[in-house]
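Here's a quick tour of this structure, starting with the ligand and then moving out to the sheet and one loop. Have the viewer open as you read.

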Amino acid sequence: MPTTQTKNAKKPTILMTMGRQDRNGHPYQVMTHKYMLPIVEFANCTPLLVPSCFGIDDIEQYLDMADGVYLSGAGSNIDPALYGQENLTPEKTQDVDRDNFDIAIIHAALKRKLPLLGVCRGMQEINVALGGDLHQKVYAEDHLDDHREDPNTSVDEQYGPRHTVNIVPGTWLHTLLGDSTTINSLHGQGIDTLGKGLEPLAHADDGLIEAIHGPSFEQFILGVQWHPEWQTRDNPDSIKLFQTFGEACRAHALGK
Ligand SMILES: N[C@@H](CCC(=O)NCCCC(=O)O)C(=O)O
């Protein structure tokens with residue numbers, strides 16, 4: 001439970017960015033609620049949804065209201081030109097507006113030492129913003145498994161538990177969750193080279209990086225390739241992740 005919140009204290013505000021499409025290329029509203037719920041219920045913060053489709057001019061104004069930044073997942077792939085590669089998945093949607101907005105807000109948030117949480121695409125964005133790159137087709141790499149969901153199953157199955165990840169010993173995540181945790185898996189891309197200042201927090205059995213942090217940065221940074229926002233109420237490990245992020249935002253709000 002949060003320890004630094006006093007009764008009637010103003011709750012920290014967490015800026016959330018969203019993409020335009022869900023994983024099937026449909027407009028995103030339906031998925032928005034699942035990202036917000038754990039911010040309200042477990043981080044004990046106030047979510048504030050900001051648009052990524054009106055350019056970057058107002059980013060500093062948005063951040064003036066923020067105690068943390070939360071980058072959601074989205075069905076689109078990041079434009080590989082942003083990490084110096086040709087696009088190997090032209091059949092997949094892209095979201096240039098979100099790429100531009102989120103890369104800019106990550107840099108601005110880092111400057112302000114705001115806590116950052118990135119989920120799935122959000123984690124990939126943190127990596128690309130810091131100069132890292134991605135496997136564009138994890139499923140086509142000989143040494144890696146296929147981490148995509150089966151689109152022919154129900155949504156509950158697609159977001160259901162899929163495999164374990166091994167947490168790096170000696171990290172704060174290991175202290176929080178122990179040796180391993182079981183996660184869902186709905187991504188075709190994944191981190192190849194890590195961005196500057198980032199380090200792995202967890203790997204899948206095939207070696208793919210599943211969680212990252214930024215120990216050389218002053219603020220809390222967490223990226224997870226899985227979806228802890230899916231039915232968080234039923235998953236004690238996911239609850240702990242959102243509580244930890246909430247604590248970091250609360251500490252920032254209190255100037256700690
Ligand atoms: N395009 C990337 C990102 C995958 C991702 O973020 N999926 C989210 C699905 C919808 C949601 O639940 O938010 C990839 O495939 O690696």
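Predicted model: local features only at pLDDT ≥ 70, side-chain atom pairs only at ≥ 80, totals over all residues.

## Around the ligand

The ligand has 16 residues around it, and the closest are Gly73, Cys120, Arg121, His187 and Gln189.

Trace the strands and you'll get an open, mixed sheet of 9, running S2-S1-S3-S4-S11-S10-S9-S6-S7. S2 (46-50) and S7 (180-183) sit at the edges with a single partner strand each, so one side of each has no neighbour in the sheet. From one strand to the next, the twist averages 20°.

Helix H4 (residues 121-129) lies across S3 (68-71), S4 (116-119), S10 (209-213) and S11 (221-224), at about 120° to S4. Helix H7 (residues 236-253) packs on the sheet too, touching S1 (13-17), S3, S4, S7 and S11, and its direction makes about 145° with that of S3.

## A look at Gln85

Where does Gln85 lie? You'll find Gln85 in the loop between S3 and helix H3 (96-111). Gln85 has 13 other C-beta atoms within 10 Å, so it counts as partly exposed.

Setting aside neighbours within four places in sequence, Gln85 is in contact with Pro80, Asp133 and Gln136. Gly131 is 46 residues from Gln85 in sequence and 12 Å away in space, C-alpha to C-alpha.

Note on methods: Residues numbered from 1 in each chain as written. Near = placed C-beta within 6 Å. Pairing = 2+ DSSP bridges. Helix = DSSP H or I, 4+ residues; strand = E, 2+ residues; numbered from the N terminus. Axes fitted to C-alpha atoms, helices over the stretch in contact; angles between N-to-C directions. Contact = placed C-beta atoms within 7 Å. Buried ≥ 20, exposed ≤ 12 C-beta atoms within 10 Å, placed from the backbone.
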